[in-house]
Protein chains: 2
Amino acid sequence: MATKVLPQPEREEIRVESVLQALGEPVRLTIVRALAANPAGVCCGEIELPVTASTRAHHLRILREAGVLSTHTDGTKRISILRREDLEALYPGLITGILSAKQ
Amino acid sequence: MATKVLPQPEREEIRVESVLQALGEPVRLTIVRALAANPAGVCCGEIELPVTASTRAHHLRILREAGVLSTHTDGTKRISILRREDLEALYPGLITGILSAKQ
DNA sequence: ATCGTACTACGAAGATCATCGAACTTCGAC
DNA sequence: GTCGAAGTTCGATGATCTTCGTAGTACGAT
């Protein structure tokens with residue numbers, strides 16, 4: 001089992017500037033949309049993206065370090081979950097607003 | 001008088017990706033906060049920023065072209081206004097959420 | 001008409017960022 | 001233990017972006 005949570009900022013450490021910068025990138029926005037559609041969590045590799053695995057890892061790290069998502073290990077896989085509660089508490093309406101965009 | 005509105009995207013031309021990218025920059029976020037505090041509009045030069053006038057103009061252009069703010073001339077001055085209605089209609093809660101950040 | 005103010009446009013320089021391939025780690029399966 | 005699968009880390013590269021100074025435009029005032 002040995003599920004481990006990767007390092008991420010506490011709620012009060014999250015900065016709006018980093019969150020917005022993280023979200024303002026097409027690939028990362030795609031990731032966030034995929035996570036929002038699967039509240040139970042998504043395996044990184046399952047999200048279809050027009051980039052290689054290493055670039056994908058890079059984007060996931062940015063999102064995690066910004067506090068947008070949380071990642072925990074599950075065997076060789078890594079499950080990512082949108083930190084919706086934290087973001088909603090800090091910036092009420094922000095995530096909902098972004099997701100309501102007509103793509 | 002000859003008040004003229006500078007070119008800006010229509011509401012339906014605004015893309016969430018451009019908006020987030022525009023907001024994900026410290027100087028521009030400062031500008032947006034200043035505009036939000038003055039719904040009547042703010043003269044560009046009145047906002048205190050740690051950059052020169054040309055850089056300021058650059059950031060204002062980015063924000064305007066993303067659809068975040070609207071600028072119209074008033075003599076030699078340019079008044080900028082946050083496009084709150086449009087943004088609220090497109091991404092309800094987004095601006096409010098961002099502004100509710102504890103800085 | 002001349003001047004000063006407010007701002008923009010145009011490169012250029014430096015920093016940051018997205019992207020990739022290759023090498024490495026970790027875990028489960030056989 | 002060996003293999004493969006999933007994912008990360010590490011440079012390197014090319015693109016994008018922030019920043020600046022300079023030059024230029026537009027307008028009001030004198």
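Predicted model: local features only at pLDDT ≥ 70, side-chain atom pairs only at ≥ 80, totals over all residues.
Me: What is the radius of gyration of chain A?
Reply: Chain A runs α-α-β-α-β-β-α-α along its sequence, with helices (H or I, at least four residues) and strands (E, at least two) taken as DSSP runs numbered from the N terminus. The globule rule (2.2 Å times the number of residues to the power 0.38, with the radius taken over C-alpha atoms) gives 13 Å for 103 residues. Chain A comes out close to that, so it's as compact as a globular protein of that length, with a radius of gyration of 13 Å.

Me: Is Gly45(A) buried or exposed?
Reply: Gly45(A) sits in the loop between β1 (42–43) and α3 of chain A. A residue is buried if 20 or more other C-beta atoms lie within 10 Å of its own, exposed if 12 or fewer, and partly exposed in between, with C-beta atoms placed from the backbone. Gly45(A) has 11 other C-beta atoms within 10 Å, so it's exposed.

Me: Which element gives the most to the surface near DNA strand D?
Reply: A residue is near a strand if its C-beta atom, placed from the backbone, lies within 6 Å of it. 22 residues surround DNA strand D, and Gly45(A) is among the closest. α3 and β3 (77–82) of chain A and α3 of chain B each supply at least two residues of that surface. With 5 residues, the most comes from α3(A).

Me: And which element supplies the largest share of the surface near DNA strand C?
Reply: The 22 residues around DNA strand C include Val51(A) and Gly45(B), both among those that come nearest. α3 (53–66) of chain A plus α3 (53–66) and β3 (77–82) of chain B each put in at least two residues. The largest share, 5 residues, comes from α3(B).

Conventions
Residues numbered from 1 in each chain as written. Chains lettered and ligands numbered in written order.
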